[in-house]
Amino acid sequence: MYQTLTFLHSLVRWLVLFSILYAIFRAYKGYFQNLHFTKTDNLIRHWTATIAHIQLVVGIILYAKSPIVMYFWKNFSQALHHFDSLFFGLIHSTLMLSAIVLLTIGSSLAKRRMSDKEKFKTMLVWFSIALLIIAIAIPWPFSPLANRPYIR
């Protein structure tokens, strides 16, 4: 089950990244070109948050099953000195949870804004901050924090 979850979590990350990037692109274009916030824009806002929430649920289940995380919590004082276990036991999960919270807040605020320009601006700001945090917290193959392959 653990390998299936890691594969699924690794795969869904690409959906999260592409959906956030596309939502940011639409928000940027809409804001700077004074476009109308269409039903399509609203669906992109909604589905970006939904895909991120699905990834969060998969991540929480993976967190509970991970041998690295289990080691981290059972050997906390020793594990703090092993950056790989520290990253997956604490840093990755905290940053990702924070990013999803920011994305959710941004999505909710954008939905409630009155003008189209405010909706685009809200999405642009909140989704961009969430994307920055996600980009830092992903264990890219080139990351100095922790590295994993692009797809596991």
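**Figure 1. The protein chain as a whole, a predicted model with six helices and zero strands.**
Read from the N terminus on, the elements of the protein chain run α-α-α-α-α-α. Taken along the principal axes, the box filled by the C-alpha atoms of the protein chain is roughly 55 × 25 × 25 Å.

**Figure 2. The salt bridge between the side chains of D41 and R26.**
Side chains of opposite charge can pair when their charged atoms come close. The structure holds one salt bridge, and in it the side chains of D41 and R26 meet at 2.8 Å, N to O. The pair links distant parts of the chain, since D41 belongs to helix 2 (residues 39-65) and R26 to helix 1 (residues 2-32), with the two residues 15 apart. D41 is buried, because its relative accessible area is 4% and buried means under 20%.

**Figure 3. The loop between helix 1 and helix 2, with N34, and K39 in helix 2.**
Most residues other than glycine have a negative phi, and most peptide bonds are trans. Against that background, the reader may look at N34, whose phi is near 50°, a positive value in a residue other than glycine. N34 has its place in the loop between helix 1 and helix 2, and it counts as exposed at 55% relative accessibility. K39, which is found in helix 2, is likewise exposed, with a relative accessible area of 71%. From K39 to I133 there are 94 residues in sequence, and the separation in space is 28 Å, C-alpha to C-alpha.

**Figure 4. Helix 5 (residues 83-112) beside helix 6 (residues 116-137).**
Two packed helices are described by the angle between their axes and the distance between the axes. Here the axes of helix 5 and helix 6 come within 8 Å and cross at roughly 170°. Helix 5 and helix 6 are therefore roughly antiparallel to each other, because an angle over 145 degrees counts in this way. The residues that make up the contact of helix 5 with helix 6 divide into 18 nonpolar, four polar and two charged.

**Figure 5. A110 in helix 5 and M123 in helix 6.**
A110 counts as buried, with a relative accessibility of 0%, and M123 also counts as buried, at 2%. Although A110 and M123 are 13 residues apart along the chain, their C-alpha atoms are separated by 5.9 Å. A second pair can be followed from A110, namely A110 and L124, which are 14 residues apart along the chain and have C-alpha atoms separated by 9.4 Å.

**Figure 6. Aromatic pairs, including Y28 with F32 and W140 with F142.**
A search of the whole structure finds eleven aromatic pairs. In one of them, Y28 and F32, the ring centres are 4.7 Å apart and the planes stand at 50°, so the pair is tilted. Both Y28 and F32 lie in helix 1, four residues apart, which is about one turn of the helix. Y28 counts as partly exposed, at 47% relative accessibility. The rings of W140 and F142 have their centres 5.8 Å apart and their planes at 5°, so this pair is stacked. W140 counts as buried, at 13% relative accessibility, whereas F142 is exposed, with a relative accessible area of 59%. Ring pairs also link W140 and F142 with W14 and F18 into a cluster.

**Figure 7. Charged side chains over aromatic rings, at W140 and at Y31.**
W140, already seen with F142 in a stacked pair, has R13 lying over its face, at 5.7 Å from the ring centre. At Y31, the charged end of K117 sits over the ring, 4.1 Å from its centre.

Methods:
Residues are numbered from 1 along each chain as its sequence is written. This is a predicted model: local features need pLDDT of at least 70, side-chain atom pairs count only at pLDDT 80 or more; totals for chains, interfaces and linings use all residues. Side-chain values use heavy atoms; hydrogens and water are left out. A salt bridge is a side-chain nitrogen of Lys or Arg within 4 Å of a carboxyl oxygen of Asp or Glu. Buried means under 20% relative accessible area, exposed over 50%, partly exposed in between (1.4 Å probe, protein chains only). Axes are lines fitted to C-alpha atoms, for helices over the stretch in contact, and angles run from 0 to 180 degrees between N-to-C directions. Angles under 35 degrees count as roughly parallel, over 145 as roughly antiparallel, 65 to 115 as roughly perpendicular and the rest as oblique. Ala, Val, Leu, Ile, Met, Phe, Trp, Tyr, Cys and Pro count as nonpolar, Asp, Glu, Lys and Arg as charged, and the others, Gly among them, as polar. Rings of Phe, Tyr and Trp (its six-membered ring) pair if their centres lie within 6.5 Å; planes under 30 degrees apart count as stacked, over 60 as edge-to-face and the rest as tilted. A charge sits over a ring if NZ of Lys or CZ of Arg is within 6 Å of the ring centre and within 35 degrees of the ring normal.
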